[in-house]
Amino acid sequence: MADALRYLTERDVVSVLDIPRAIDALHDMLIAQGREQARNLPKTLATWGDGSSMHALGSVQTGAAGYAGFKTWVHTKAGGGSLFSLFDAGSGALRAIIEARALGMLRTAAISGVATRALAPADATCAALIGTGPQAVTQLAALAAVRPLRQVRVYSPTPEKRRAFVASVAGKYAFDIQASDTLEHALAGAEIVTLITRAVDPFVDAARLADCRHLNAVGAILPSKAEFTQDVFERADGVVVDDLENARRGSRELRERFGADGAPWPGVTVLSDWLAQGLARPSDARLTIFKGMGMGLSDLAMARVVFEHARDQDLGLALPPQTRENLLLAQP
């Protein structure tokens, strides 16, 4: 049923995608974007109540066999849900509806993996992972996929959570994974640092990042939140974002540094341009910063791989194809 509309569950997604495959798929999509063969729609966001929010991201890959899609999700204190709607970019037909929790975790980790592979020193072996929520599991896997790690130190404010996290990943990797009792201990000697927290106020400053050569800041994606202080920019020789418009709208760190009035942000590079131009990390760079906000093309890269594999292997729930006829006007 090649033309069937497919409903793909979380189980279908994780059966198809792993971190290395996700990183490679996103890398290819970003190069397409840098060559103007793919583009994003900026994120839309509404908030209400005590921290509830709703979001939508869109993207399209043009050219032969291209796709367009929208990821939509709602987050509340009681829980949330997310879906990705995948369309054929040529015909406009709806091809798949994909449960998007795992998809989102994989694309968030994959963008960190792509950025780390492109920007971090090739010989970096020591990393710090700050945050131990569900996203931290895939962030660790992304770091392991792109660098020959020797040690990763893990920190979050709650001792039980960081110890439980380290216990859950123990034995999965050849390198040493330690739970740090303090933020300072976690960051000391770390050449790569990944922040994946829900911090409201910045808590990592330049002094704590004295040994850091590359920083992934991917946790604070709302304008009310921040993870690192403004003095970190003073050490940076390069600032790279996944999507400039989303960063303008949602990154408190970058808005405070470069302005929120729509003026150009000098010195800020988009990751897709970096990759398409074949740029490499400057040999004398002290620190590079990658700020990931989430963008539609990241989800689209994951959704394309999942859908095409599901179509070829007949996975998921096959539904009738999308109705193309205007039944209202066809009524007598």
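Guide: Happy to. Helices (H or I, at least four residues) and strands (E, at least two) are DSSP runs, numbered from the N terminus. This is a predicted model, where local features need pLDDT of at least 70, side-chain atom pairs count only at pLDDT 80 or more, and totals for chains, interfaces and linings use all residues. Residues are numbered from 1 along each chain as its sequence is written, and side-chain values use heavy atoms, with hydrogens and water left out.

Visitor: How many helices and strands does the protein chain have?

Guide: There are twelve helices and 15 strands in the protein chain.

Visitor: What makes the protein chain as compact as a globular protein of its length?

Guide: The radius of gyration, taken over C-alpha atoms, is set against the globule rule, 2.2 Å times the number of residues to the power 0.38. The chain comes out at 20 Å, close to the 20 Å the rule gives for 332 residues, so it is as compact as a globular protein of that length.

Visitor: Why is glutamate 253 called buried?

Guide: Buried means under 20% relative accessible area, exposed over 50%, and partly exposed in between (1.4 Å probe, protein chains only). Glutamate 253 has 0% relative accessibility, so it counts as buried. You'll find it in helix 9 (residues 252-258). Across the protein chain, 51% of the 332 residues are buried.

Visitor: Which residues is glutamate 253 in contact with?

Guide: Contact means heavy atoms within 4.5 Å. Leaving aside neighbours within four places in sequence, the partners of glutamate 253 include Ala220, Phe228 and Lys291.

Visitor: What makes a group of residues a nonpolar core?

Guide: The members must be buried Ala, Val, Leu, Ile, Met, Phe, Trp, Tyr and Cys residues joined through side-chain atoms within 4.5 Å. The largest one here has 66 residues, and Leu103, Leu271 and Met302 touch the most other members. Helix 3 (residues 101-119) gives the largest share of this core, ten residues. Another core, of 30 residues, lies apart from it, with Ala128 and Phe228 among them. In soluble globular proteins, nonpolar side chains tend to be buried together.

Visitor: Where is leucine 17 found, and is it buried or exposed?

Guide: Leucine 17 sits in the loop between helix 1 (10-16) and helix 2 (19-34). Its relative accessible area is 6%, so it is buried. Setting aside neighbours within four places in sequence, its contacts include Leu103, Met302 and Val306. The C-alpha atoms of leucine 17 and alanine 303 are separated by 9.7 Å, although these residues are 286 apart along the chain.

Visitor: How do you know whether phenylalanine 165 is buried or exposed?

Guide: Phenylalanine 165 has 4% relative accessibility, so it counts as buried. It belongs to helix 5 (residues 159-169). Beyond neighbours within four places in sequence, Leu129, Val137 and Val154 are among the residues in contact with phenylalanine 165.

Visitor: And what about glutamate 36, is it buried or exposed?

Guide: At 74% relative accessibility, glutamate 36 counts as exposed. It lies in the loop between helix 2 and strand 2 (38-48).
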